[in-house]
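Subject: Handover of a structure for your review

Dear colleague,

Please find below the structure that I am passing on to you. My notes on what was found in it follow directly after.

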Amino acid sequence: MNYEIAVAGGGVAGLFFAYLTAREGFRVVVIDMKDEERIGEKVCGDAVGEHHFRNVGLEPPRLGVDAISVFEGVKVFSPSREVFVLAKGRGYALDRKAFGRRLLKKAVNAGAEILASHVALKPLVEGSWVRGLLLRGSHGTLTLRCGVLVDATGATAAIRTKLPGSWWISERAPLEDYNAAYRVIAEVEEEQDPRYAMIYLDVEIAPGGYWWWFPKGKYLVNAGLGVKPGPGAPNPKRSLEEHIMPLLEEAGARVLHAGGGLVPTRRPAPCMVGNGMVAVGDAAYTANPLHGGGIGPALLSSYHAAKTVIAALEEGECTLNALWPYHSAYHAAYGAKQAALDVLRIYLQALSNEDIEFVMRRKVLSDEELSEMGYRGELAHSVLSKALSVVGLLRRPSLLRDLFKVKSYMENAKGLFLKFPSPHEFAMWRVEEESLFREVKSRFWM
């Protein structure tokens, strides 16, 4: 079993990567543990912004085909649920499986092969190279050889984390950089407003995360929550049953599906490539740190990784040096913003309900500023100017000081990732990046 490209994982990132490379004439195989009829299924929030499709040249979802409804924006509510800020922007409530099946069809039509019902066990390592993948299927263990192996296994990063610990690409994120999430899809009798996805900040219900209510049309909702895992953290399923199920029952809900999982809510993996190896999507920690949305950045990471792999194969081998430009391309498109938003995520996880309510009621952050922060990963000067003018904040000097410090940290984080180093300088860059985020966590979490 010899291929130029082997993709471990048939989710959004893996299938889009397979499509982009197979259409260029490369021999590509996608390995997935699900049987072929279930490829495309995924437990998630099912929401994605339209701009992501423009950025990668992929036709957006179509209503009645792989989208159920269109969002005009996201309302972010305070703990009291009496105050909200609106992040404007067109997006889609997906028919998640139909969307996944569309990507599967595109990959197959482009020439990719699908090896379903096979578990990726570990990468085949020869010296300093990844040369293939060990698999287990119904007929036992198989060895698959390839020119480049793509880890698209999701949040577990089940392939790259089994590489030698000395390899830069093998690094694991700490549990504190994830959210543990649980959600249900339910039919409801109470008519919904499908124009807006709704996010609720409440550290009592979802500490370190938020709970959500995403309408999918007028009589269907995706409702769930995510929490920062760790000692003393609540079980997300039990929290949903306690706090969100009563709201669903009031709406006359009939649960159609339920499930959960881990989401990496942090900056990208420091290194996403090795000799003969590249990581994409959640396996490279590309989900948005603030809201955990992973579909858009998964498409972006695969888009830039595929362009890099194609160029490397056309020139010769997929060496670490040949794959290295993937970092700068992805960070310019999204990763640097991710790093800045990771700072903001850490800060927000330290706030109490009282702090959140106080800031939101005083309108320190406007709709436009929230939207701009989400798109650019920057805390506007106008936010700090308003904070200075809010009399109540003057009686909370620590909160005021922290806002200014957050802006500085965000700018430093974004700058670090925009100036991603060469392999020769990576070790020094990594020390600086680790030091910055250690300082951020120490300031706000300790």
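A residue is called buried here when its relative accessible area is under 20%, and exposed when that value is over 50%. By that cut-off Thr308, at 10% relative accessibility, counts as buried. Please note that this is a predicted model.

**Thr308 and its surroundings**

Thr308 belongs to helix H5, which covers residues 295-315. A polar atom of the Thr308 side chain lies 2.8 Å from the backbone oxygen of His304. Apart from neighbours within four places in sequence, Thr308 is in contact with Ala322, Leu323, Pro325 and Tyr326.

**Lys216**

Is Lys216 buried or exposed? Its relative accessible area is 7%, so Lys216 is buried. Lys216 is found in the loop between strand E12 (210-215) and strand E13 (220-227). Two polar partners can be named for its side chain. One is the side chain of Asp46, joined to that of Lys216 by a polar contact of 2.9 Å. The other is the backbone oxygen of Leu94, which the Lys216 side chain reaches at 2.8 Å. When neighbours within four places in sequence are set aside, the residues in contact with Lys216 are Asp46, Ile68, Ser69, Ala93, Leu94, Ile185, Val221 and Asn222.

Helix H1 (residues 12-22) is mostly covered, with eleven of its eleven residues buried. Among them are Val12, Leu15, Phe16, Phe17, Tyr19 and Leu20. The buried residues of H1 pack against strand E1 (2-8), strand E2 (28-31), helix H2 (51-56), helix H3 (96-110), strand E9 (140-151) and H5.

In soluble globular proteins, nonpolar side chains tend to be buried together. In this model the largest nonpolar core has 127 residues, of which Ile5, Val7, Phe17 and Val309 touch the most other members. The largest share of this core, eleven residues, is contributed by H7. Leaving out neighbours within four places in sequence, Phe17 is in contact with Ile5, Val7, Val150, Val280, Ser302, Ala305, Ala306 and Val309. There is also a second, separate core of 21 residues, and Ala180, Ala223, Leu225 and Leu240 are included in it.

**Aromatic pairs and charges over rings**

How many aromatic pairs does the structure hold? The count is 21. One of the pairs is formed by Tyr330 and Tyr334, which are tilted at 45° between the planes and 6.3 Å centre to centre. Both tyrosines lie in helix H7 (residues 325-348), four residues apart, or about one turn of the helix. Tyr330 is buried at 0% relative accessibility, and Tyr334 is buried with a relative accessible area of 5%.

Another pair consists of Phe417 and Trp429, whose ring centres are 5.1 Å apart. Their planes stand at 80°, so this pair is edge-to-face. The pair links distant parts of the chain, with Phe417 in helix H12 (residues 397-418) and Trp429 in helix H13 (residues 426-445), twelve residues apart. Phe417 counts as buried at 0% relative accessibility, as does Trp429 at 5%.

Arg27 lies over the face of Tyr3, 4.1 Å from the ring centre. The charged end of Lys405 sits over the ring of Tyr409, at 5.1 Å from its centre.

**Cysteines**

A disulfide is a covalent bond between the sulfur atoms of two cysteines. The cut-off applied here is a pair of cysteine sulfur atoms within 2.5 Å, and by this rule the count is zero disulfides. Cys318 is buried, with a relative accessible area of 1%. Cys44 is buried as well, with a relative accessible area of 18%.

With kind regards

Notes: Residues numbered from 1 in each chain as written. Predicted model: local features only at pLDDT ≥ 70, side-chain atom pairs only at ≥ 80, totals over all residues. Heavy atoms only, no water. Buried < 20%, exposed > 50% of the residue type's maximum accessible area, 1.4 Å probe, protein only. Phe/Tyr/Trp six-rings, centres within 6.5 Å; stacked < 30°, edge-to-face > 60°. Helix = DSSP H or I, 4+ residues; strand = E, 2+ residues; numbered from the N terminus. Lys NZ or Arg CZ within 6 Å of the ring centre and 35° of its normal. Polar contact = N/O pair within 3.5 Å; in protein donor to acceptor, adjacent residues only side chain to side chain. Contact = heavy atoms within 4.5 Å. Core = buried A, V, L, I, M, F, W, Y, C linked by side-chain atoms within 4.5 Å.
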